[in-house]
Amino acid sequence: MSLCEADTFFFLPLVLALYWLLPRRAALQNGWLLLCSWVFYASHSVPLLLLLVLVTAVDYAVGLGLGAGRARRPLFALSLLVNLGLLLWFKYSGLLTGASLALPLGLSYYTLQKLGYTADVYLGRRPPERSPLRFATFVAFFPQIIAGPISQADELLPQLERPRLLRPELLASGAAAYLLGFVLNTFCAHYAADLVTDVFAAPARYDGPSCWLAAFGYAVQVFSDFAGYSLMAIGIARLLGIELPANFAYPFWSRSLPEFWRRWHITLNRWLFRYIFTPLVTGSGWFRGRMALAVLLVFLASGIWHGSTLPFVLWGLLQGIGFVVQQRWDHGWRGLCRRDRRFVGWRRTAAYSLAALLLTQLFFVATMVPFKAASLADVGVMYQAMFGLGGGGESHLWALRAIRTLLALAIVAAYHLQALPPLQPLTTRFVRLPAPVRGVVYGLLVVFLLIYVPPGSSTLIYQNF
Amino acid sequence: MLDSVPTVTPPPPRPTSWRQLLLVAAFAAATVVGIDRWLSHRCQGVVLAQVDDGVAQLAAEDPVAIVLGSSQARSFAAVDEVLAAESGGATRVATVAIEDGRISTAAWVLHHRLRPLIEQRGADGRRLRSNLRHLIFVTDWWDSMLADAHDGRPDGDGVASRNLPGRAWTFGDFVDDVAAHGYDDYNKAFVAAAFADLFGDSVLVRDRGYGLLLRQLRHGRLEMSRAEHLAQIDGKRQSIEDSAPLVCAPAELRALQRIVDEARELGLQPTIVLYPALVETLSERARQTTMRRFHDAAAGLAARAGVPFFDWTYDSPLRLEHFRDHAHLNAHGHALLAGWALANDLAFLRDGKKQ
């Protein structure tokens, strides 16, 4: 089961109906949520549900032990060992044994979510969760277990302590978020892939512009796929009266890499910076004050988190290098500003903003190549074509002629455009339109999806990580 | 300007009332239903008979024959119409069409869905469907291809094809499979099909994956334009050639034998029919490889089993204008094929006698 397949449309109404019919008590609501979450997970694999329950029990016990003040370091080490051990085993044991294991669904996500909890308890940021029901629900909450957003304990656990009240604005905004996410995930990602698949399958055949188009198409595909899924997860959580953290915030408007990684897969990067970067540079170890190295390490970790192959490592390295270069540039510019106030003004010009935007986006698009490519050799072939050092003779630009592909790109562009301050009033105006008009618009959107989205068109690239 | 791009999506919920929410939902639903109804009047129906329809027909009638096969078996609904008109409803043919074909799927359908009805007896101990004499199995090369193990599920005799759960199972079959294998991508197809069936009257839901609605809306016709048709034919020509190594999969041929054997067990006369091909899709190489391999395998099996075998691949009166795509007939084609078949190889259906 995912959040947008046919079985979800049987599962979700049942979950919602009983959830809101139950008496307004947090324990009852959590109990039902936990049962549904375990059924959701069991629909993928019953043995792996048992694994989930087991590791949940371990971290629950670790949290209580940390709270009791006993053997704090060994307990935290135990949590690290169990969580990271499982993650590393399932993701990377294939490198040693030659036989890769199927990654338990959501392992990469719920591991980080649990580790964040035990780290927060260990560091005294929050008390341990005493209720096994609440803790198990926190770990297994079905809208987010497959691919996030990754919640911090302080975001989700307090919500589970209180009974959730049914309010019309939650249903309205939850349904709207779900619908928007569905459009991105099933339509935009599906048709953006038409720019991508053929070229990445045989990169040596294609010329530079085609490789650039494929990299760009992949950036749009991944965004649509994952941001769409995140919106669906957030939407479903809202229908249950629970607020999940944002995971994407118009990343294609980013004018720097630090900004980009605050807008793309927000919850993963937040986790990496909170639990890896900050302890490294503020701790008493060798990395203290060594920001650049810590950044490189964080992005290497991000690359390895995504996959065990060398292209992912390269991707992480490139992101880290880009981030450090960006920081050096900003540092250098601040020095120039101190010497000459004109640099302050120039940085605020539209030309600087535009150049920064283009460079940031071009860098991200270019680094999509190792993220998607099957091997380092393919990465090399595509980069050679993209930077004019080689390439095949075949063009794939004709793929842009497909109306649905153009429409997919237009939807992603429109989604970003409506976030700009001059256009934000359009959204406000839409919300203020009479209810029948808004209803008709939503109805037309559903008709559009029924006509243009064939069954099975949803994929979730990020559930493979 | 870009400094003010929001850092949180989606935005926090805006206050609204239950009345507003219900109005929006009601108008959204009304829009979808309204457009759906309008489309059902505006466009020709894209209702394609499925296995359940054939089983329901068999349950409701006492036909002289069951025509079992892939999507092409739907042509024989026209045979049923002709016979029913001629006989005042006394002579009927039940058509059981399996989308996406495969002989092994047909064998499963015969054993699990049709056999209970064929053997069903009344209070007097006699078979309820006493007119039933024939099982006509309609097939072509596609049905004999090895099912991709990634699409289907390995079973004791090969690979159970991916179309089985969504096209042929009942809820009981689904439950049994989940109990045996867990809920997986294979049996999930049953849920997807059940979801579509929930909205069976919806032309929008029925059309998903077929795209016939759009063609009618854009061009005012169900059929492809000649240019589209020829382009599709060009594309299929190579794929039919390339399928030569894949046809006549042993598991599928064993399934064909099972169909013949089971029909006989049930007291029915089995007949094997190779469906007419759109000859423009067949290169000379495809005729000598893919088509010849399958013809020889099917004809050889029929000869060894002593069952009638009709190869209509090249011999029918059908032409390009009778096909709506690379392999399926339009309404004119169905009618032409029905008339021709009843005047020739299937004439025995008129008198209901065993051949």
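Let's start at a single link between the chains: Glu5(A) and Lys188(B) join their side chains in a salt bridge, with 3.2 Å from N to O. Keep in mind as you look that this is a predicted model. The count of salt bridges between chain A and chain B is 1, and there are 5 residue pairs in polar contact between these chains, with both residues at pLDDT 80 or more.

Which elements give two or more residues to the side of chain A that touches chain B? They are helix 1 (8-21), helix 9 (168-192), helix 11 (208-239), helix 20 (403-417), helix 21 (424-432) and helix 22 (435-452) of chain A. Helix 22 of chain A provides the largest share of that side, 14 residues.

Now step back to the whole contact. Chain A brings 56 residues to it and chain B brings 40 residues. Together the two chains bury about 4,000 Å², and 72% of this lies on carbon and sulfur atoms. Of the area that chain A buries against chain B, 14% comes from Phe10(A), Pro168(A) and Leu450(A), more than from any other three residues.

Next, the aromatic rings. Over all chains there are 59 aromatic pairs. In one of them, the ring centres of Trp315(A) and Phe371(A) are 5.0 Å apart and the planes stand at 55°, so this pair is tilted. Trp315(A) belongs to helix 15 (residues 310-339) of chain A and Phe371(A) to helix 18 (residues 368-372) of chain A, so the pair ties together parts 56 residues apart in sequence. Both Trp315(A) and Phe371(A) are buried.

Charges meet rings here too. Arg290(A) lies over the face of Trp286(A), 3.9 Å from the ring centre, while the charged end of Lys91(A) sits over the ring of Trp305(A), 5.0 Å from its centre.

Conventions
Residues numbered from 1 in each chain as written. Chains lettered and ligands numbered in written order. Predicted model: local features only at pLDDT ≥ 70, side-chain atom pairs only at ≥ 80, totals over all residues. Heavy atoms only, no water. Phe/Tyr/Trp six-rings, centres within 6.5 Å; stacked < 30°, edge-to-face > 60°. Helix = DSSP H or I, 4+ residues; strand = E, 2+ residues; numbered from the N terminus. Buried < 20%, exposed > 50% of the residue type's maximum accessible area, 1.4 Å probe, protein only. Lys NZ or Arg CZ within 6 Å of the ring centre and 35° of its normal. Contact = heavy atoms within 4.5 Å. Buried area = accessible area lost by both parts, 1.4 Å probe. Salt bridge = Lys/Arg side-chain N within 4 Å of Asp/Glu carboxyl O. Polar contact = N/O pair within 3.5 Å; in protein donor to acceptor, adjacent residues only side chain to side chain.
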